[in-house]
Structure formats: structure tokens, C-alpha cells
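Visitor: Could you take me on a close look at one strand of this protein and the strands beside it? I am new to this, so please go step by step.

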Amino acid sequence: MKRRLRRLAVTAGSLALASATLAVPAQAATTSASSCPSGYLCGWSGTNETGSMMKTRADMPTMGSWDNRIRSFWNRTSSVSCLYTDQNYGGGGTFFGDEPGQGATGYSLDLDRTISSIKFVPNIRDCDATPYSEWYAEPAPKAAGFGDLNRDGRADLLSRDRSGRLWFVSGTGDGTLIGGGWNSMTALTRHGDLTGDGVEDLIARDSSGTLWLYPGYGDGKFGTRRSIGGGWKSMATITATGDINSDGRGDLLAHDSSGTLWFYPGTGHGTFGSRKSLGGGWNSMTALTAPGDLNGDGHGDLIARDTSGKLWLYPGTGRGTFGTRNLIGSGGWGQMSAFLSVGDVDGDGWLDLVAATQDGYENPDAGPTANQLRLYAGNGTGSLAKYRLLHQNWYDLNGGF
Ligand SMILES: [Ca+2]
Ligand SMILES: [Ca+2]
Ligand SMILES: [Ca+2]
Ligand SMILES: [Ca+2]
């Protein structure tokens with residue numbers, strides 16, 4: 001069950017104000033069949049499906065004679081419905097977002113006769129926000145060699161929404177749909193070039209354990225995928241790292257269910273050579289990300305979060321191995337739902353780390369720091385600055401990459 005009552009947020013500058021998210025009071029179950037036909041959204045002039053009924057399966061920017069009349073409704077379409085208190089799906093009012101497929105439940109919510117427009121969307125986030133995360137990156141003074149999918153000098157984001165659409169979000173904040181169906185992927189990772197054309201590529205694992213390469217076009221789009229092979233299902237993490245053995249070809253790390261970390265050397269042709277064990281004990285790590293050379297020695301490094309919420313930097317040796325780790329975050333990192341290593345985001349010449357906190361609606365205990373996208377600026381010595389809040393609308397998303 002998923003419904004939302006949300007006040008439409010007014011945004012200013014690049015920092016969005018947090019939008020209040022409230023659970024709607026429970027509704028009464030209908031014991032008899034509804035008069036609302038399947039495939040429609042119906043509204044009634046009375047509570048509990050009483051009075052006269054209207055039905056629609058098309059967007060209604062205005063409501064005609066039903067303006068400010070609906071007192072109860074039932075969404076029986078296969079889409080999310082957004083019911084707004086203002087015409088044309090917006091204004092400063094409130095909306096009710098309602099996911100489909102909730103069975104024979106007649107909503108008895110008293111809408112106080114305030115609904116003035118209705119829209120159908122794939123994902124509840126679409127009721128009042130872009131389908132993808134807000135994002136902005138300054139132009140980087142030097143190319144990181146990764147993170148910048150469209151090669152305009154700004155770090156980019158791949159944002160997946162809860163309905164499985166993957167969006168390319170450029171460093172200037174513009175989103176472009178890559179495609180749907182990405183919820184079937186159980187891992188997504190990118191860091192630099194794997195095919196030898198100098199353009200960043202994307203790697204994804206599907207639920208059957210096949211690893212796929214999506215070659216980047218250098219404009220935020222990807223070409224036809226090709227299989228890298230099967231058997232990846234047992235991997236707890238899969239992390240593209242860029243070149244960490246100094247042969248000029250992008251590499252991959254993965255740790256399996258027994259806790260062994262494996263190094264997969266890239267061939268530069270979109271495939272990997274024989275893997276090499278980097279040792280066990282990695283089951284204590286719940287997230288890995290490859291930020292590039294964070295400590296300024298010229299070798300790509302690795303960041304890992306452990307089960308106690310600490311963050312560790314594993315300095316790369318440039319030989320596909322890592323030296324003694326350093327603690328770079330003493331606690332609290334367990335609240336992060338995503339780590340993004342996309343280069344220099346604030347344009348100061350140093351590589352950074354970006355992290356997203358938890359979705360406050362999915363995780364009601366997440367508190368006031370929910371829904372945040374944070375910048376942890378690097379300084380070239382391997383440590384991270386205290387975070388700066390980039391945006392606070394990381395909700396109804398299914399990851400960022
Ligand atoms: Ca870019
Ligand atoms: Ca390499
Ligand atoms: Ca390094
Ligand atoms: Ca930076």
C-alpha cells in the first residue's frame with residue numbers, strides 16, 4: 001500500500017526545500033463490489049463511494065462540473081494517480097499520490113471537495129517532481145576520465161526511478177530517458193572506459209546473474225548491450241574501478257558471497273581477463289565505490305563501507321591491489337542508500353564522493369536527514385570534507401549510478 005499526501009514544494013536555486021511527506025489515514029475496506037469499473041479512476045460526491053460517481057482514465061487538467069466535488073475515490077487504473085487541489089496539476093496546493101494494484105479497497109478518505117485536476121503517471125514521484133534526481137555539477141578544470149558521460153566537463157548522474165526507468169542526468173541537471181525495465185538489474189556500475197574508445201561505459205547484472213556491457217556513446221546514451229558472461233549472481237558487490245593495474249584499461253572488482261574480493265582486469269575490448277583474488281573478509285563491507293585517485297599518488301583507490309557504518313579508503317597500489325586501509329569516516333555511513341563516484345563535482349580540481357541518504361518514506365525512521373544527496377569533497381590527500389547538502393529530494397528512486 002502506498003499513498004501520499006504531499007504539499008507541493010516551491011524550489012529556489014539549486015537547493016530544493018524538503019517537501020513534507022505524510023501518510024494518509026487508513027481507509028475502510030469495501031465489502032461489496034465497487035461500482036467503479038476496472039481500468040478507471042472513480043470519484044464520488046460522497047464519502048465511502050456514495051453519491052454520484054465520475055470516472056476517468058485520461059488526465060484531467062480541469063474537472064468541469066466535478067471541480068472541488070470529489071469526496072472519495074478509487075484508483076483502479078494500472079498507473080499512479082495524482083489528485084491535485086489546484087487545476088493543471090500544480091500550484092501551491094496539495095496532491096494525493098496513489099499507486100495502483102491495491103485490490104478491492106474503497107478509499108473513504110475525505111478529500112474535503114478540494115480536487116481540481118487529475119494526472120496519471122508511472123511513478124509516484126512524477127506527481128510533483130522530475131522522475132530523476134536533481135543534480136548539478138560544476139565544470140571540472142581537468143578531466144577525471146570517468147563520471148562525465150557526455151564529455152562536457154561536468155560530472156553526470158544515472159538515476160533510476162522506482163518504476164524502473166533509467167535517466168541520464170547531465171551535470172547541468174537535464175534529464176533524458178535512457179529506457180525502462182531497469183529494475184530487472186541487480187547491479188549497475190560505471191567508471192571510465194571498458195571498450196577502448198575512451199568513452200565511459202555502463203555495466204549491469206541482471207537477476208539471472210548475467211553481466212552486460214552497455215557501450216557509452218559519449219552523449220549520455222548507450223549502444224546495444226552485449227553479454228560479458230554469466231555466473232555473477234553470487235557477487236554481493238560489482239564495482240567498476242577504472243584502471244587500477246596501470247595498463248591503461250578499465251578494470252572491475254567484485255566480492256562474492258563468501259567474502260572474497262576479486263580483481264577482474266579489463267582487456268580494453270569490453271571483456272575481462274582471468275580474475276585474481278584480493279583476499280577474504282569482504283563480507284563485512286556493504287558497499288564499495290571507486291572514487292579514482294583520492295589520495296593524490298596517481299593510483300586509483302577504493303572506498304568501502306562496513307557493517308558498523310564506518311568508511312574506509314583502500315589506497316590503490318597501481319598493480320591491481322590495495323595497501324593498508326585508512327579510516328575516512330568514523331560512523332554514520334550506514335544511512336547511505338547510494339554512493340556515487342563521478343569525479344570532481346564541485347569543480348575545485350579534486351575528486352569527490354557523493355552519497356545519498358535513505359528514502360524517508362520507505363524508511364520512516366530515517367529522520368530529518370532522509371532524502372538527501374550529499375557532496376563529500378575530496379582534497380587530494382585521501383580524506384573527505386564534512387558534507388555539503390546538494391539536494392533534498394532523493395525519494396521514490398531506485399538508486400543512482
Ligand atoms: Ca557531463
Ligand atoms: Ca587495467
Ligand atoms: Ca591513490
Ligand atoms: Ca572536487
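Guide: Let us start with a word we will need: a residue is buried if 20 or more other C-beta atoms lie within 10 Å of its own, and exposed if 12 or fewer do. Please keep in mind that this is a predicted model.

Our stop is strand β6, which spans residues 80–84. Is β6 mostly covered or mostly open? The strand is mostly covered, as 5 of its 5 residues are buried. Now look at where the side chains go. In a regular strand they alternate between the two faces of the sheet. In β6, Val80, Cys82 and Tyr84 point one way, while Ser81 and Leu83 point the other way. Both of these groups are buried.

Next, meet the partners. Strands of a sheet pair through backbone hydrogen bonds, in either a parallel or an antiparallel manner. Strand β8, made of residues 117–121, pairs with β6 in the antiparallel sense, over 5 bridges. Within this pairing, leucine 83 has isoleucine 118 of β8 opposite it. Strand β7, residues 94–98, also pairs with β6 in the antiparallel sense, here over 4 bridges. There you can find cysteine 82 standing opposite glycine 97 of β7.

The largest one has 70 residues, and among the members that touch the most others are Ile203, Leu252, Leu302 and Val354.

Leu41 and Trp44 lead us on to strand β3, which covers residues 41–44. This strand is joined to β5 by 4 bridges, and the two run antiparallel. Across that pairing, cysteine 42 stands opposite tryptophan 74 of β5. Three strands make up an open sheet here, in the order β4-β3-β5, with antiparallel pairing. At the edges are β4 (53–56) and β5 (72–75), each of which pairs on one side only. On average, neighbouring strands of this sheet are turned by 15° against each other, direction ignored.

Serine 274 has 7 C-beta neighbours inside 10 Å, so it counts as exposed. Its C-alpha lies 6.6 Å from that of tyrosine 264, a residue 10 places away in sequence.

Notes: Residues numbered from 1 in each chain as written. Chains lettered and ligands numbered in written order. Predicted model: local features only at pLDDT ≥ 70, side-chain atom pairs only at ≥ 80, totals over all residues. Core = buried A, V, L, I, M, F, W, Y, C linked by C-beta atoms within 7 Å. Pairing = 2+ DSSP bridges. Axes fitted to C-alpha atoms, helices over the stretch in contact; angles between N-to-C directions.
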